[in-house]
Amino acid sequence: MSHALDFSAGQLVTVEGLTFRYRRQTALAGVSFAVGAGVTGLLGPNGAGKTSLLRILATAVPPNSGTVRILGSDPLTAAGRLAVRRQLGYLPQQPGFFPNFTAYEFIDYVAILKEITDRRRRREETLRVLAAVGLSDDRGKRIKALSGGMRQRVALAAAIVGDPRVLILDEPTVGLDPEQRLRFRELIAELGAGRTVLLSTHQTEDVSALCHRVIVLDRGVVRFDGAPARLTAAAENRVWHSAERSPQAVVAWRTGVGAVRNVGVPPPDADLLPATLEDGYLLLLDPSTATEVAA
Amino acid sequence: MTRIGGRRDDTRATPSRHIATELLREYAEGGPAAGTTTGVEGHVDGCPECRGELARLMPTARFGRVWTAVEEALDEPRRGPAERALIWLGVAPDTARLVAVTPALRWSWSIAAGLVLFVAALVARLSLLDSPSLPLLAISPMLPVLGVAVSFGPRFDPTYEITLVAPVHGFRLALLRTAAVLTVAAALAAAASLVLPGSGPAALAWLLPMLALTLVTLAMATRVDPVIAAAVTGAGWVTLLLTTTHFGSGRSLLLTTMGQAAVSVVAVVALVALALARRRFDEKFTAI
């Protein structure tokens, strides 16, 4: 299937056979997928290659091999890269700030970086994105005086300057308290309407709450690509309660109520429990059950 | 064109038709209707009803306008001396902002660089060297090299990652920031040269090496981390000084016309290499 065809079919971001080496390690070993509008979650353990993949898509670094098409442009060419950058919002894993800038000054600076040179338009856009992340009243505060959650909102505001069609969010909810995480989910869900949002996370709850699709990466390879419900369904009849850890369990932990929650291949008389996305994810990462779950 | 709307609710008013409230509000707020001053004012002058309506709208509009102006003034980015100087020189405010965030333009950096040069000039003045220009020649060119090292790349620019993926042209940004760093360093070195005992044109012998070393660093930064580029350039400069200078007398080949010509050639070669590699500023992790 050609990339042009993918694009016309609504696949706004397409990657094929991506490989990437970072510090002599293989971070990506032939990753392929295509995504359209909506929020797609990228799930995987540390070192799975999520950040490498997102940095390639954000045009921060080129892959060692493979092809990328974003909104029909090839970011590996100078013209394509510029076209992509004009339509792209990026929240890096560790967003940096000028700590003495106010939130307003920082977003104003980002708007300059995004080629909004007209002062009036820049002001409107700065106020718009700060309002979108709920920071209108705190825009005059210096960034060094803001809490971690508020800084993360400044970073998200920076990402959406210029109303980009593709948003790349690298662990946007990391370090946020539960209430902040819920607010962030709400924001991202709103942003996902009519846009392509690719977000990486360790939190399966984020994926369940936000994403219509999940791609699980492990050691540079795509282990699963589909609806979160499908991954949850793959864990049905594989989660059970017991008084002690069951020998058949791939993963097991004692819950707050004292019983052990086991995930794996249950014994015949097991006290089965409803599965969650996390259960499906854990089974997918275990070599003994991965193939079956991925299928 | 002035829009004369329907009747308000007045049957006594002199004119039979009134200016639409929406238009009056625009006029009061200084919006598009303000451009039709004559039409609005002409009507209001002869229509007590519209005059009353305008008076009712005016205080709110004025308040809104004043409040907006206050908010804008409060939000307006604060500009440091370097940024104000650039704008005064005619640089567009948005470009001035891109340059002003360069770490090497901070006061701390300029003061440190100024102190180093002052000490170098003092040593030259107090020493018995045949060529008192040597200390400045040795030190001045390294200042913008260090400035470039701390101006680009992930180590010192906290916004490196978002700058890298922004559509703003990386090469242009690199040149702008380098030019700013170079200008500050050259101004400081020139000021330090003034205190040297009458060494004539040799007092400015640092100028070409400064330019050459900066260009070499920037050209190398298209391939390697700017800090490594600066370190390699610095090591090369020290080696060159050691091999071409007699430190007892302070005489150096680099202070001769031949030496300066050779440095010029290096500058030109670095400039060509930089121009050829300019695209890498937009695509590689190691560049800006």
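Helices are DSSP runs of at least four residues, numbered from the N terminus. In the predicted model described here, helix H6 of chain B spans residues 107–126 and includes B:Leu126. B:Leu126 counts as exposed because its relative accessibility is 69%, the cut-off for that class being over 50%. Together with B:Phe118, B:Val119, B:Leu122 and B:Val123, B:Leu126 makes a nonpolar surface patch of about 490 Å².

Chain B as a whole contains 13 helices and two strands. Of its 288 residues, 45% are buried, and its accessible surface amounts to about 14,400 Å², with 68% belonging to carbon and sulfur atoms. Among contacts in chain B between residues at least 6 apart in sequence, 68% link residues at least 24 apart.

The interface between the two chains brings 36 residues of chain A into contact with 27 residues of chain B. About 3,000 Å² is buried between chain A and chain B, and carbon and sulfur atoms give 55% of this area. On the chain A side, the most area is lost to chain B by A:Arg85, A:Tyr109 and A:Leu113, which together account for 21% of what that side buries. Polar contacts between chain A and chain B involve eleven residue pairs, both residues being at pLDDT 80 or more. Helix H3 (78–85), helix H4 (103–113) and helix H5 (119–132) of chain A are the elements that each give two or more residues to the side touching chain B. H4(A) provides the largest share of that side, eight residues.

Side chains of opposite charge can pair when their charged atoms come close. Over all chains, the structure holds 24 salt bridges, and seven salt bridges are counted between chain A and chain B. One of the salt bridges joins A:Arg123 to B:Glu72, with the closest N and O atoms 3.9 Å apart. In chain B, B:Glu76 and B:Arg79 meet at 3.1 Å, N to O; B:Glu76 is partly exposed at 28% relative accessible area, as is B:Arg79 at 23%. Salt bridges with shared partners connect A:Arg119, B:Glu76, B:Arg79, B:Glu83 and B:Arg97 into one network.

Further salt bridges lie within single helices. In helix H5 of chain A, A:Arg128 and A:Glu125 are three residues apart and therefore separated by about one helical turn; their closest N and O atoms are 2.8 Å apart. A:Arg128 is partly exposed, at 34%, whereas A:Glu125 is buried, at 11%. In helix H3 (residues 48–75) of chain B, B:Arg56 and B:Glu53 likewise stand three residues apart, about one helical turn, and form a salt bridge of 3.0 Å between the closest N and O atoms. B:Glu53 is buried, with a relative accessible area of 13%.

Terms used. Residues numbered from 1 in each chain as written. Chains lettered and ligands numbered in written order. Predicted model: local features only at pLDDT ≥ 70, side-chain atom pairs only at ≥ 80, totals over all residues. Heavy atoms only, no water. Patch = residues over 30% accessible without salt bridge, like charges linked within 9 Å, V, L, I, M, F, W, Y side chains within 5 Å. Areas by Shrake-Rupley, 256 points an atom, 1.4 Å probe, with all protein chains shown as cover. Salt bridge = Lys/Arg side-chain N within 4 Å of Asp/Glu carboxyl O. Buried < 20%, exposed > 50% of the residue type's maximum accessible area, 1.4 Å probe, protein only. Contact = heavy atoms within 4.5 Å. Buried area = accessible area lost by both parts, 1.4 Å probe. Polar contact = N/O pair within 3.5 Å; in protein donor to acceptor, adjacent residues only side chain to side chain.
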